[in-house]
Amino acid sequence: MAAGTNLKIYTGTDAGTEQPTGDASNWNLMAIDDYDDTGSLYADNPITVPDSGTNYSFERWMKVEFTGTFNLIENVKVWKSSGTFSDSNLALYAGTTATGTTPTNSDSTIATTSMPTSEGGAIDITPSTAIDTDGDKTDFFVVQLDVPDTVTTPGDIGTQTLTFQYDES
Amino acid sequence: MEIVTKQEIKPLPDRMEIVDFNKELYKYYFSDILSFKVNAFNRIVEVDLKNQKIHVDGEETPIELTESLKYIKWVSFKRNFISYGVSGGKTYEYKIGVGFQGQDSKGDNIQRFIMVDKEGKATLFKKK
């Protein structure tokens, strides 16, 4: 029996509110700290282009949960495997941490690395304690969208895909 | 999949989840396993632990190993790839990793394994 996975989204104080019950349907980045449970909430809460400086999305805090029966999950890494931005001035930043903090829409102190776009540069989110039981999760993976005043193309940022890799033995 | 040990040759079903295959391998104390074969996306990968060689479809793969390793142990795993689109969509793929690991004369952990994807492409991976 192989492991199953659920993507989990974390919001609120200390990133302590986990949603949804099963697998998240999206990781939309918004101007509010919430999970987009309708898939259209992001359109009502866009990150606007500032007159000067940079606006930021609320950090998107995520974990991967492993379900079912398995021996051991190791080597969990994540990178952006595909997607181009609607405007070249948009930027995604990412980072990882074991400890939750309240998501911010200021310049993140955790999502500080330019989002890796290849398997070779992937961010390791394997926790220090072994993933060997149904319900075990990775460390937090934190993503933030930077919207500087140089952005000229409004609307959706374009499809972006995150790939999570993990070894199962 | 097939395990060859000092004690017995045990045939295993061709189709087996890597996790269940590893449970079968775990039944044998690692030093007793001389070799094993895996059918990974129709590429036959044979790991010869006794001689520290790897063959793919009967042909030896150059693994650039310059010395015999100590504490040799088999390696067998499934590398999974789950992709999530920002506004939806989820896809899944996996590759099979098969090989061995051990310790060199400097005490460093050395790995040599073959990764096979669904197209049957077999790639050598090395750690040191």
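Strand β7(B) is mostly covered, with 13 of its 16 residues buried. The model is predicted. Strand β7(B) pairs with a strand of chain A and with β8(B) of its own chain.

- Seven strands form an open sheet, in the order β8(A)-β5(A)-β10(A)-β7(B)-β8(B)-β9(B)-β10(B). The pairing is antiparallel.
- Strands of a sheet pair through backbone hydrogen bonds, and they can run parallel or antiparallel.

**Where the chains join in the sheet**

- Strand β10 of chain A covers residues 161–168. Eight bridges join this strand to β7(B), and the two run antiparallel.
- A:T163 has B:S83 as its bridge partner in β7(B).
- A:Y166 has B:N80 as its bridge partner in β7(B).

**Further along, inside chain B**

- β7(B) and β8(B) pair over 13 bridges, in the antiparallel sense.
- B:W74 stands opposite B:F100, a residue of β8(B).
- β7(B) and β8(B) form a hairpin with four residues between the strands. In this hairpin, B:G88 takes a positive phi near 135°.
- Strand β9 of chain B, residues 109–116, pairs with β10(B) over six bridges. This pairing is antiparallel too.
- B:F113 has B:F125 as its bridge partner in β10(B).

**The interface as a whole**

- How many residues of each chain are in contact with the other? The count is 22 residues of chain B and 30 residues of chain A.
- The two chains bury about 2000 Å² between them. Carbon and sulfur atoms account for 49% of that area.
- On the chain B side, B:V19, B:Y84 and B:V86 lose the most area to chain A. Together they make up 36% of what that side buries.
- There are 16 residue pairs in polar contact between the chains, counting pairs with both residues at pLDDT 80 or more.
- Three elements of chain B give two or more residues to the side that touches chain A: α1 (18–26), β7 (70–85) and β8 (90–103).
- β7(B) gives the largest share of that side, ten residues.
- The residues on that side of chain B divide into eight nonpolar, eight polar and six charged.

**Salt bridges**

- A search of the whole structure finds ten salt bridges over all chains.
- Two salt bridges are counted between chain B and chain A. One of these links the side chains of A:D23 and B:K90, at 2.7 Å from N to O.
- Within chain A, a network of salt bridges links A:K8, A:E18, A:E65 and A:K137.
- Within chain B, B:E60 forms a salt bridge with B:K53, with the closest N and O atoms 3.2 Å apart. B:E60 counts as partly exposed because its relative accessibility is 46%. B:K53 is also partly exposed, at 31%.
- B:K126 forms a salt bridge with B:E64, with the closest N and O atoms 2.3 Å apart. B:K126 lies in strand β10 of chain B and B:E64 in the loop between β6 (59–60) and β7, so the pair ties together parts that are 62 residues apart in sequence.
- Is B:E64 buried or exposed? B:E64 counts as exposed, because its relative accessibility is 53%.
- B:K128 forms a salt bridge with B:D108, with the closest N and O atoms 3.8 Å apart. This pair links distant parts of the chain, 20 residues apart. B:K128 is in the segment after β10 of chain B, and B:D108 is in the loop between β8 and β9.
- B:K128 counts as exposed, at 61% relative accessibility. B:D108 counts as partly exposed, at 26%.

**A closer look at one residue of chain A**

- A:T97 lies in strand β6 of chain A, residues 91–97.
- A polar atom of the A:T97 side chain lies 3.2 Å from the backbone nitrogen of A:T99.
- Leaving out residues up to four places away in sequence, A:T97 touches A:W61, A:I110, A:D139, A:F140 and A:V142.

Technical notes:
Residues numbered from 1 in each chain as written. Chains lettered and ligands numbered in written order. Predicted model: local features only at pLDDT ≥ 70, side-chain atom pairs only at ≥ 80, totals over all residues. Heavy atoms only, no water. Contact = heavy atoms within 4.5 Å. Buried area = accessible area lost by both parts, 1.4 Å probe. Salt bridge = Lys/Arg side-chain N within 4 Å of Asp/Glu carboxyl O. Polar contact = N/O pair within 3.5 Å; in protein donor to acceptor, adjacent residues only side chain to side chain. Nonpolar A, V, L, I, M, F, W, Y, C, P; charged D, E, K, R; others polar. Pairing = 2+ DSSP bridges. Buried < 20%, exposed > 50% of the residue type's maximum accessible area, 1.4 Å probe, protein only.
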